[in-house]
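Hi,

Here is the structure I promised to pass on. Could you have a look when you get a minute?

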Amino acid sequence: MIALITRFGGQELADLAVPKTNRPIDGELLEAAAKGESFDNWDAEEVASAVAGLARIADAATRARSEIQFYLRYRQEGQDAPDWVADDLPELTRFHLYGEKANAESAVRLRYRDIIKRLESLAAEDENAGPRSRANRACRSAISRACSAAPPCGGSDAGRTGRCHSGPSRAS
């Protein structure tokens, strides 16, 4: 969370994260709360706002991590994600904090779209290189060889589905 505050500034995150029903706070308080510093010099209502803000940041970070994990689902076990994925986590978190404020033309939304495109590309590469993909290709290849070696069946599905066999024939 400190990295997020350092990257975008405590005030921007305080403005985004503190619920509108809470008293607005200074970015320094949000940063102090994230660092676990003493609240002795802060008003109780401001501290409550900072705690609510940190909870919303944590929720946005959880959603961002979940989103990334979705795109990394084809990663081979033990294979690390590229460094840029970790670098983009704060951007995704920030996008989730913005919510509807990140309109179609905002820099935050455009950055989000760029990140998602890269994640989609990474997922496609991983899927094509992963063990599931190799197993699927091997299975399709084996089916193809079996169909090529089998005599034409002339089954009713052959022309319609492109399959060489329509399955076991049924007696009428």
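Below is what came out of it, starting with the overall picture and moving on to one helix pair.

First, the caveats: this is a predicted model, with local features needing pLDDT of at least 70, side-chain atom pairs counting only at pLDDT 80 or more, and totals for chains, interfaces and linings using all residues. Residues are numbered from 1 along each chain as its sequence is written, and side-chain values use heavy atoms, leaving out hydrogens and water.

The protein has 8 helices and 0 strands (DSSP runs numbered from the N terminus: H or I of at least four residues for helices, E of at least two for strands). Of its 172 residues, 33% are buried, i.e. under 20% relative accessible area with a 1.4 Å probe, protein chains only. As for contacts (heavy atoms within 4.5 Å), 60% of those with a separation of 6 or more link residues 24 or more positions apart.

Now the pair. Helix 2 (residues 10–17) packs against helix 5 (residues 83–98) at about 40°, and their axes are 9 Å apart; axes are lines fitted to C-alpha atoms over the stretch in contact, with angles from 0 to 180 degrees between N-to-C directions. On the helix 2 side, E12, L13, L16 and A17 make the contact, and helix 5 brings R94, L97 and Y98.

Cheers

How values were computed: Buried < 20%, exposed > 50% of the residue type's maximum accessible area, 1.4 Å probe, protein only.
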